[in-house]
Amino acid sequence: MSLFITFQHLVPQHLLSQGVGLLAASQNKLIKNAFIKNFAAQYDINMSEALEENPLAYKSFNDFFTRALKPNARPIASAANAIISPADGAISQLGSISADKIFQAKGHDYSVATLLGGDEQRAQAFIGGQFATVYLSPRDYHRVHMPFTGKLIETIYVAGDLFSVNTTTAENVPNLFARNERLVCMFDTELGKMAVVLVGAMIVAGIGTAWAGNIQPHGKKIITTDYRHANITLQKGDELGRFYLGSTAIVLFGADVMAWNKELQATSPVKMGQAIGTSLR
């Protein structure tokens, strides 16, 4: 475990991710087919639910990895007050935000403001609220969808590290999700502000959104884009974005507006569209 953590500190994280990104985007048949075959076999990918079932029909590994599913492969919870999982994966943690602190793993938490790019005013909407962290493993469906209907207000790109986001790293790297590269998506909803944070990770070759396409890294800058006048409203279950290789999505709500389903806990498996919470309004 200690060697794994030390390796992540020493390896050139961004250079490694860029190299993997070039391979993942390659349309050379020898490269992409070898990459896809090995990956599909290693992670036992279920292609029967994919819109295109033949893994070698995809133009690149990225296309295969972010493959669309067949209609109704992920039914969206129909109850108007249902809040759904934004992705396939497993609950890393979920629960209440203690003042401005989000629980990461045993012995570690991080601040809402830091996660959202360092703006204390932006963080105020979530003080004492609720959070859910969903970890997407390599074998999961890698598109991220809206947990609840909302209008896009702004995005905040935050440059950072690219540590792995698996359980071992979460338990041993302080402020993991608030130090990795990430894209914060802010929405206005019937429940007030909602944030969906797409967190990058080691060898994640990129993050994309439904409205702006692939997000290009911007060095060490924090880039805020105002969408208040763009009139972009996404319905519950609409595609929000996607990861090019696995990572984590974090959902934030304000205080006293929703509750997570009581049966969910750390390591609980979830599917996109599954009800994981309920509106209290």
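Q: How many bridges join strand 1 to strand 18, and how do the two strands run?
A: Start with the terms. Helices (H or I, at least four residues) and strands (E, at least two) are DSSP runs, numbered from the N terminus. Two strands pair if DSSP finds at least two bridges between them. Here, strand 1 and strand 18 (residues 275–279) run antiparallel and are joined by three bridges. Ile-84 has Ala-275 in strand 18 as its bridge partner.

Q: Where do the numbers and values come from?
A: Residues are numbered from 1 along each chain as its sequence is written, and side-chain values use heavy atoms, with hydrogens and water left out. The model is predicted, so local features need pLDDT of at least 70 and side-chain atom pairs count only at pLDDT 80 or more, while totals for chains, interfaces and linings use all residues.

Q: What is the strand order in the open sheet of three strands?
A: The order is 1-18-16, with antiparallel pairing. Strand 1 (82–84) and strand 16 (258–260) are the edge strands, each pairing on one side only. Neighbouring strands of this sheet are turned by 30° against each other on average, direction ignored. Axes are lines fitted to C-alpha atoms, for helices over the stretch in contact, and angles run from 0 to 180 degrees between N-to-C directions.

Q: Which residues of strand 10 point one way, and which the other?
A: Gly-206 and Gly-208 point one way from strand 10 (residues 206–209), and Ile-207 and Thr-209 the other way. Are they buried or exposed? Buried means under 20% relative accessible area, exposed over 50%, partly exposed in between (1.4 Å probe, protein chains only). These four residues of strand 10 are all buried.

Q: Which strand pairs with strand 10 over four bridges?
A: Strand 14 (residues 239–244) does, in the antiparallel sense. Ile-207 stands opposite Phe-243 there. Strand 10 also pairs with strand 11 (residues 213–215), again antiparallel, over three bridges. In that pairing, Thr-209 faces Gly-213. A hairpin of three residues joins strand 10 to strand 11.

Q: Which residue has a positive phi of about 50°?
A: Most residues other than glycine have a negative phi, and most peptide bonds are trans. Asp-44 is not a glycine, yet its phi is positive, about 50°. Asp-44 sits in the loop between helix 3 (29–43) and helix 4 (61–65). With 55% relative accessibility, Asp-44 counts as exposed. Asn-231 has a positive phi of about 55°, and is not a glycine either. Asn-231 is in the loop between strand 12 (222–226) and strand 13 (233–234). Its relative accessible area is 61%, so Asn-231 is exposed.

Q: How many salt bridges does a search of the whole structure find?
A: Side chains of opposite charge can pair when their charged atoms come close. A salt bridge is a side-chain nitrogen of Lys or Arg within 4 Å of a carboxyl oxygen of Asp or Glu. The search finds 10. One of them joins Asp-88 and Lys-271, with the closest N and O atoms 3.9 Å apart. This pair links distant parts of the chain, 183 residues apart: Asp-88 is in the loop between strand 1 and strand 2 (89–96), and Lys-271 in the loop between strand 17 (269–270) and strand 18. Asp-88 is buried, at 1% relative accessibility. Lys-271 is partly exposed, at 43%.

Q: Which residues are linked with Asp-88 and Lys-271 in a network of salt bridges?
A: Glu-49 and Arg-74 join Asp-88 and Lys-271 in that network.

Q: How far apart are the closest N and O atoms of Glu-154 and Arg-122?
A: They are 2.9 Å apart, in a salt bridge. Glu-154 lies in strand 7 (residues 150–158) and Arg-122 in helix 6 (residues 120–123), so the pair ties together parts that are 32 residues apart in sequence. Both Glu-154 and Arg-122 are buried. Arg-242 and Glu-239 also meet in a salt bridge, at 2.8 Å from N to O. Glu-239 is partly exposed, at 22% relative accessibility.

Q: Which residues touch the most other members of the largest nonpolar core?
A: A nonpolar core is a set of buried Ala, Val, Leu, Ile, Met, Phe, Trp, Tyr and Cys residues joined through side-chain atoms within 4.5 Å. The largest has 35 residues, and Phe-187, Met-194, Leu-198, Trp-211, Leu-240, Phe-253 and Trp-260 touch the most other members. Elements giving two or more residues to this core include strand 8 (182–189), strand 9 (192–199) and strand 15 (248–253). Another core, of 23 residues, lies apart from it; among its members are Tyr-110, Val-112, Phe-126 and Leu-176.
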